[in-house]
Amino acid sequence: MKLYFMCAWLLAMPAMAFGQESTQSVSSQETAPDTAAADNAITLPAMHPVSIEITEALNSKTSKIGQMFAIRLRAPITLDGKVIIPAGATGQGEVIHAARARAAGKAGELIIAARYLDYEGTKLPLRSLKYGADMTGDNNSGAAIVASAAISSALALFITGGQVDIPAGMPATAKLSQDVRIIPSGRITKEEGKP
């Protein structure tokens, strides 16, 4: 009887080994496309500029600290003349500080930050938010800006009745806060007007 079980076990060994080899070859075939996609990944560098839009109205009187608000990518993110991320990706900003206008002429205050854009499940962390027509140029000072009546005449157009108002659709700029790897989805195109 022992001899019978021993023979059966010896005959079963090659079949079990074949099953293991077959499983290993399937799993290596399944991961091959993922490896190829990772090899084609593009790295967007930290501090790369991003053109966004604040899609919700914000106000120093009604906005609350910690409130999240929606943002959207206004223009494609490009690198070396190629569109890496098309316009339209959505994301979030955050109200860092809000204070309504007070007696004795103290103006309202609003500090906001761009937090991230989401592109096909990849989060692009943002910093250095600036908004409005007169808020262009370099600013590497941090992740938030202060909008207050006492700070700058450039912000005066956003102040009404001592409060700071940011209307929905306000254009803004931000920068990537760190390097971000993007795996192309096959839609990378040349920027319009570039060879």
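## Close-up views of a predicted model

View 1. Ser 60 sits in the loop between β3 (58-59) and β4 (68-73). Strands here are DSSP runs (E, at least two residues), numbered from the N terminus. This is a predicted model: local features need pLDDT of at least 70, side-chain atom pairs count only at pLDDT 80 or more, and totals for chains, interfaces and linings use all residues. Residues are numbered from 1 along each chain as its sequence is written, and side-chain values use heavy atoms, with hydrogens and water left out.

Ser 60 counts as buried because its relative accessibility is 1%. Buried means under 20% relative accessible area, exposed over 50%, and partly exposed in between (1.4 Å probe, protein chains only). The side chain of Ser 60 makes a polar contact with the side chain of Gln 163, at 2.7 Å. It also reaches the backbone nitrogen of Val 164, at 2.8 Å. A polar contact is a pair of N or O atoms within 3.5 Å; within protein, one must be able to donate a hydrogen and the other to accept it, and residues adjacent in sequence count only if both atoms are side-chain atoms. Not counting residues up to four places away in sequence, Ser 60 touches Ala 98, Ala 99, Arg 100, Gly 108, Glu 109, Leu 110, Gln 163 and Val 164. Contact means heavy atoms within 4.5 Å.

**View 2. Lys 123 over a ring.** Lys 123 belongs to strand β9 (residues 122-131). With a relative accessible area of 49%, Lys 123 is partly exposed. Lys 123 lies over the face of Tyr 116, at 4.3 Å from the ring centre. A charge sits over a ring if NZ of Lys or CZ of Arg is within 6 Å of the ring centre and within 35 degrees of the ring normal. Beyond four places in sequence, Lys 123 touches Tyr 116, Leu 117, Asp 118 and Val 180. Lys 123 and Arg 181 are 58 residues apart along the chain, and their C-alpha atoms are separated by 9.9 Å.

**View 3. Two residues with positive phi.** Most residues other than glycine have a negative phi. Asp 80 has a positive phi, near 55 degrees. Asp 80 lies in the loop between β5 (77-79) and β6 (82-85) and counts as exposed, at 73% relative accessibility. Ser 128 also has a positive phi, of about 55 degrees. Ser 128 is in strand β9 and is buried, with a relative accessible area of 2%.

**View 4. Strand β4 and its partners.** Side chains alternate along β4. β2 and β4 pair in the antiparallel sense over three bridges. Two strands pair if DSSP finds at least two bridges between them. Ile 52 has Leu 73 in β4 as its bridge partner. β4 and strand β7 (residues 90-99) run antiparallel, joined by five bridges. Arg 72 has Thr 90 in β7 as its bridge partner.

**View 5. The largest nonpolar core.** This core has 32 residues. Ile 52, Ile 54, Ile 85, Ile 112 and Leu 124 have the most contacts inside it. Strand β8 (residues 109-119) gives the most to this core, with five residues. A nonpolar core is a set of buried Ala, Val, Leu, Ile, Met, Phe, Trp, Tyr and Cys residues joined through side-chain atoms within 4.5 Å.

Key. Helix = DSSP H or I, 4+ residues; strand = E, 2+ residues; numbered from the N terminus.
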